[in-house]
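Dear colleague,

Here is the structure I said I would pass on. My notes on salt bridges and on one helix pair follow below it.

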Amino acid sequence: MSSEMDTVQVDPRQLAADSFTDSDIARIQLVSAIESAAAQLGRYAQMLGEDLAQAGDYVRKVATLRMLDAVVRQAVIAERVRGTSWETIADALCTSADDAEGRWGSSEASWRRQTRATSFYRKDPGSRAARADKYITSDKPYQFSTATRRPLSASLDAAAHLTGRDVVAADHAFAGSACTHCSR
């Protein structure tokens, strides 16, 4: 007899909306927030890989990426729905319980007031869960289906001899030492 349990495949789209618990919905929303953040961070990484940034673009672009706040907010909500105390959340986030509750308490209260009429996650959690499943189980959830990918390493000065970019820049990246692969 195997000690492993067989995994039962369930299509969440086939489940009644009212069969999803608040914890289910909170976790589905958390995965959605993570997916959104990953997509935005992926586009940021792609901008770096394409080596098209102007001076200041690295910090200018990352300053506009507010999605990490949304991920933390949704993670806090998911924890509170699970029954996690403000003290435990505060400890994990290196803050005080009062500060944590002050910062995210209204978000939690607002989330708890949502209904099927005001939240598409509550209206159709099965479809949202199926999307979360697809994201989590895909081989490379951070990749996008369009556009050609160019790795960051292809735009690094240290890889100039491999990509045909300016070898002098590569020499500078190697702290003045000449690249042994370049014939100069």
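In this predicted model, a search of the whole structure gives 7 salt bridges.

One of them joins arginine 103 to aspartate 69, at 3.9 Å from N to O. Because arginine 103 belongs to helix 5 (residues 97–113) and aspartate 69 to helix 3, this pair ties together parts 34 residues apart in sequence. Arginine 103 is exposed, at 53% relative accessibility, while aspartate 69 is partly exposed at 41%.

Another is formed within helix 3: glutamate 79 and arginine 82 are 3 residues apart there, about one turn of the helix. Their closest N and O atoms are 3.3 Å apart. Glutamate 79 is partly exposed, with a relative accessible area of 27%; arginine 82 is exposed at 58%.

In helix 5, arginine 112 and glutamate 108 lie 4 residues apart, again about one turn, and their side chains meet in a salt bridge of 2.8 Å, N to O. Glutamate 108 counts as buried, at 8% relative accessibility, whereas arginine 112 is partly exposed at 41%. Both belong to a network of salt bridges that also includes Arg80.

On the helix pair: the axes of helix 1 (residues 22–49) and helix 3 (residues 67–82) come within 9 Å and cross at roughly 165 degrees, which means that helix 1 is roughly antiparallel to helix 3. The crossing is left-handed. By class, the contact between helix 1 and helix 3 has 13 nonpolar, 4 polar and 2 charged residues. Among the residues that meet are Leu30, Ala33 and Ile34 in helix 1, and Val71, Ala75 and Arg82 in helix 3.

Regards

Definitions and conventions. Residues numbered from 1 in each chain as written. Predicted model: local features only at pLDDT ≥ 70, side-chain atom pairs only at ≥ 80, totals over all residues. Heavy atoms only, no water. Axes fitted to C-alpha atoms, helices over the stretch in contact; angles between N-to-C directions. Helix = DSSP H or I, 4+ residues; strand = E, 2+ residues; numbered from the N terminus. Parallel < 35°, antiparallel > 145°, perpendicular 65-115°, else oblique. Left-handed = near helix turned anticlockwise from the far one by under 90°. Contact = heavy atoms within 4.5 Å. Nonpolar A, V, L, I, M, F, W, Y, C, P; charged D, E, K, R; others polar. Salt bridge = Lys/Arg side-chain N within 4 Å of Asp/Glu carboxyl O. Buried < 20%, exposed > 50% of the residue type's maximum accessible area, 1.4 Å probe, protein only.
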